[in-house]
Amino acid sequence: SSVGWPRCGEIDIMEMIGGDGRENQGHGTVHWDDGGNHANYGQSYTLPSETFTDAYHVFTIIWDESFIRWYVNDQLYNEISITGSGMSEFHQPFFFIFNVAVGGTWPGNPDATTKFPQKMKVDYVRVFQKE
């Protein structure tokens, strides 16, 4: 509560924009404060032949002192170095937030084609930490 966004940093392990015909595409992104400006970096991953709603998938980040790396089903698809002086947010504790978001800047406000209700099904969350 003492540090606002994006100064607190944000790591999006998995984001999916529904209703745009790309239900086979997920995104991994980081957000941070770069000298008073919002900065972000991300990449997307596209499943070869199915959608993310067809089955459970394993979304992973490996986050160490130097890098954050994103994987889907053990396939590396994104990484960023967090060693720069402007990346201090990623050397602090973080919260986990599970969110089914509707509207906002990305992808825009819901309309008559937006399907409700929506569901998020999570089989498990596993966290490992080096001592």
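Q: Which residue forms a salt bridge with Glu65, and how far apart are the closest N and O atoms?

A: First, the general idea: a salt bridge is a side-chain nitrogen of Lys or Arg within 4 Å of a carboxyl oxygen of Asp or Glu. Here, Glu65 pairs up with Lys130, with 4.0 Å between the closest N and O atoms. The pair links distant parts of the chain, 65 residues apart: Glu65 is in the loop between β4 (59-63) and β5 (67-72), and Lys130 is in the segment after β6 (75-81). Those strand labels are DSSP runs (E, at least two residues), numbered from the N terminus. Keep in mind that this is a predicted model, where local features need pLDDT of at least 70 and side-chain atom pairs count only at pLDDT 80 or more, while totals for chains, interfaces and linings use all residues. Residues are numbered from 1 along each chain as its sequence is written, and side-chain values use heavy atoms, leaving out hydrogens and water.

Q: Are Glu65 and Lys130 buried or exposed?

A: Buried means under 20% relative accessible area, exposed over 50%, and partly exposed in between (1.4 Å probe, protein chains only). Both Glu65 and Lys130 are exposed.

Q: How many salt bridges does the structure hold?

A: There are 3 salt bridges. One of them joins Asp64 and Arg69 through their side chains (3.9 Å, N to O). Asp64 counts as partly exposed, because its relative accessibility is 27%.

Q: Which residue forms a salt bridge with Glu79?

A: That's Arg69, with the closest N and O atoms 2.9 Å apart. Glu79 sits in strand β6 and Arg69 in strand β5, so this pair ties together parts 10 residues apart in sequence. Through shared partners, salt bridges join Asp64, Arg69 and Glu79 into one network.

Note on methods: Helices (H or I, at least four residues) and strands (E, at least two) are DSSP runs, numbered from the N terminus.
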